[in-house]
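Visitor: Could you walk me through this structure? I have not seen it before.

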Amino acid sequence: DDAWSQIRYILFLYPTFWIVLNVLKFITQRFARLIDANKSGNYSFEILCVFFCNCFYFVFYRNLFLHVSSYTNFVLVKMLHITLELCTYTLRMSKWYHHRTDALQK
């Protein structure tokens, strides 16, 4: 019963974190593009923001496994991670996503 409540907590926490982080990453990238458009230096603030968001995500993801106590829970978390990544990149390959983000950049 304790293992089940642990996995339910992780299966709630991880998608919630994933959604919030992706929304913040989207907003951060848009502001970073505005900053990059009006700068005079050589370094891209947008690339730096994406890098830090990805680092934050993988530190959180790694720390999830500190609380996984069984192989079943490990497999469930890995399957959730792969599913969310597949959904993300499938969406990002679509014409709808391209048109939406292109419109938001203008």
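Visitor: Okay, what should I know before we start?

Guide: This is a predicted model, in which local features need pLDDT of at least 70 and side-chain atom pairs count only at pLDDT 80 or more, while totals for chains, interfaces and linings use all residues. Residues are numbered from 1 along each chain as its sequence is written, and side-chain values use heavy atoms, with hydrogens and water left out.

Visitor: How many helices and strands does the chain have?

Guide: The chain has 4 helices and 0 strands, and from the N terminus on the elements run α-α-α-α. Helices (H or I, at least four residues) and strands (E, at least two) are DSSP runs, numbered from the N terminus.

Visitor: And what about the radius of gyration of the chain?

Guide: The chain has a radius of gyration of 17 Å, whereas a compact globule of 106 residues would have one near 13 Å. That radius is taken over C-alpha atoms, and the globule rule is 2.2 Å times the number of residues to the power 0.38. Along the principal axes, the C-alpha atoms of the chain fill a box of roughly 55 × 30 × 15 Å.

Visitor: How much of the chain counts as buried?

Guide: Of the 106 residues, 25% count as buried, where buried means under 20% relative accessible area, exposed over 50%, and partly exposed in between (1.4 Å probe, protein chains only). The accessible surface of the chain comes to about 8100 Å², and 69% of that belongs to carbon and sulfur atoms; such areas come from the Shrake-Rupley method with a 1.4 Å probe, and for residues only the protein chains shown count as cover.

Visitor: What share of the contacts joins residues 24 or more positions apart?

Guide: Among the contacts in the chain with a separation of 6 or more, residues 24 or more positions apart account for 66%. Contact here means heavy atoms within 4.5 Å.

Visitor: Can you give me an example from a helix?

Guide: Phe60 is found in helix α2, which covers residues 45-64, and, leaving aside its neighbours within four places in sequence, Phe60 is in contact with Leu13, Tyr14 and Phe17. Phe60 and Phe17 are 43 residues apart along the chain, yet their C-alpha atoms are separated by 8.8 Å.

Visitor: Which residues does Gln6 touch?

Guide: Apart from its neighbours within four places in sequence, Gln6 is in contact with His67, Val68, Ser69 and Asn73. Gln6 is found in helix α1, residues 2-37, and the C-alpha atoms of Gln6 and Lys25, which are 19 residues apart in sequence, are 28 Å apart in space.

Visitor: Changing topic, how many disulfides does the structure hold?

Guide: The structure holds 0 disulfides, a disulfide being a pair of cysteine sulfur atoms within 2.5 Å. Cys53 is in no disulfide, and the nearest cysteine sulfur, that of Cys49, is 6.5 Å away. Cys53 is buried, with a relative accessible area of 14%.

Visitor: What lies in the loop between α1 and α2?

Guide: Ser44 is one of the residues in that loop between α1 and α2, and Ser44 is partly exposed, with a relative accessible area of 26%. Leaving aside its neighbours within four places in sequence, Ser44 is in contact with Asp36 and Lys39. Asn42 also lies in the loop between α1 and α2, and Asn42 is exposed, with a relative accessible area of 75%.
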